[in-house]
Amino acid sequence: MPAAPSKRVKGTQIRRHFLIGNTAHVLPSPGFPDPPPDGHTKGWTVYVRPLPNGPDITTWLKKVQFKLHHTYTDASRTIEAPGPFEVSETGYGEFGVEIRLYFAQESGEKAVYREHYLVLAAYGSDDQRARQERENKIVAERLETIEFNEPTQEFFKTLTSEEQFNWLKVKKGRGKGKKPDFIFEGAVEPTAQLPEKASEPGQAGAGGAWSVQYERQVLAQLQQSAAALDHSIEQEKRAMEERRRRLEEVGGAIGAK
Ligand code: SLL
């Protein structure tokens, strides 16, 4: 018999940030069938990924279901941890990929739904489009946040464990007499929080644009709309829905810059 879910940690919320997005290439392109299937002009990958230098998302994310357009055979694709949580395909058209996130058993949380509308064509300023075409690579991704409200004690332990950073560490100094020393790869000290400032401002697609600064801007916008709302439970629910929608819009607008 499965163990009874453990007690919840009262008054605690744990938030995790991650990315949902897609890359796309004009075919033929390395890694995709050549010649491409009849009528297929683009190769793409839709994904759910950790932030660069963020904690391992598989501590809380155990399974992702991507539901593709019905023109695909086996439109429902399920990826189990450790992933990578991504699906690569070829095709001709854009559509909304339905994404379901399934959490660790001990969380006691139900699956959560997200959508990502594939971007297959170059977008943004003339310069940005020129670069995308030159590199034959389009990246359209947005910051997502998940909040675990009053996590179970067991889940809280997982979410706060040191091991979730292990994937960012590389072993150094394995020479004789030297103890293996774990160091972090990359310029940014790993953290469960967002970096204070975007490492490369405005460079969506490389993870560089997601920062505390950016988050504050988003939050400020959200607070403005939230302030206009009454505090009754019914209205708070509507506000939550509104925030989610705005976040997605802001994410989309950033991705489309
Ligand atoms: C469009 N509304 O016309 C969209 C439909 C269809 C996506 C997109 C090929 C699937 C397959 C494919 O790209 N489907 O032949 O396996 O833009």
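Two strands count as paired if DSSP finds at least two bridges between them. Strands are DSSP runs of E, at least two residues long, numbered from the N terminus.

This is a predicted model: local features need pLDDT of at least 70, side-chain atom pairs count only at pLDDT 80 or more, and totals for chains, interfaces and linings use all residues. Residues are numbered from 1 along each chain as its sequence is written, and side-chain values use heavy atoms, with hydrogens and water left out.

**Stop one: the sheet.** Select E5, E2, E1 and E8, in that order: they form an open sheet of four strands with antiparallel pairing. At the edges sit E5 (85-91) and E8 (138-149), each pairing on one side only. From one strand to the next, the twist averages 15° (axes are lines fitted to C-alpha atoms; angles run from 0 to 180 degrees between N-to-C directions).

Now pick E1, residues 13-26. E1 and E8 run antiparallel over 12 bridges. Show Arg15: Glu147 in E8 stands opposite.

**Stop two: the ligand.** Which residues surround the ligand? Select His40, His69, Thr71, Tyr72, Gly91, Tyr92, Gly93, Glu94 and Phe95. A residue is near a molecule if one of its heavy atoms lies within 4 Å of it. By class, the shell has three nonpolar, five polar and one charged residues; Tyr and Phe count as nonpolar, Glu as charged, and Gly as polar.

**Stop three: polar contacts** (pairs of N or O atoms within 3.5 Å). Ligand oxygen atoms lie 3.0 Å from a side-chain N or O atom of His40 and 3.2 Å from one of Tyr72. At Gly93, a backbone N or O atom is 3.3 Å from a ligand oxygen. The ligand alone exposes 460 Å², and the protein buries 67% of that (Shrake-Rupley method, 1.4 Å probe).

How values were computed: A polar contact is a pair of N or O atoms within 3.5 Å; within protein, one must be able to donate a hydrogen and the other to accept it, and residues adjacent in sequence count only if both atoms are side-chain atoms.
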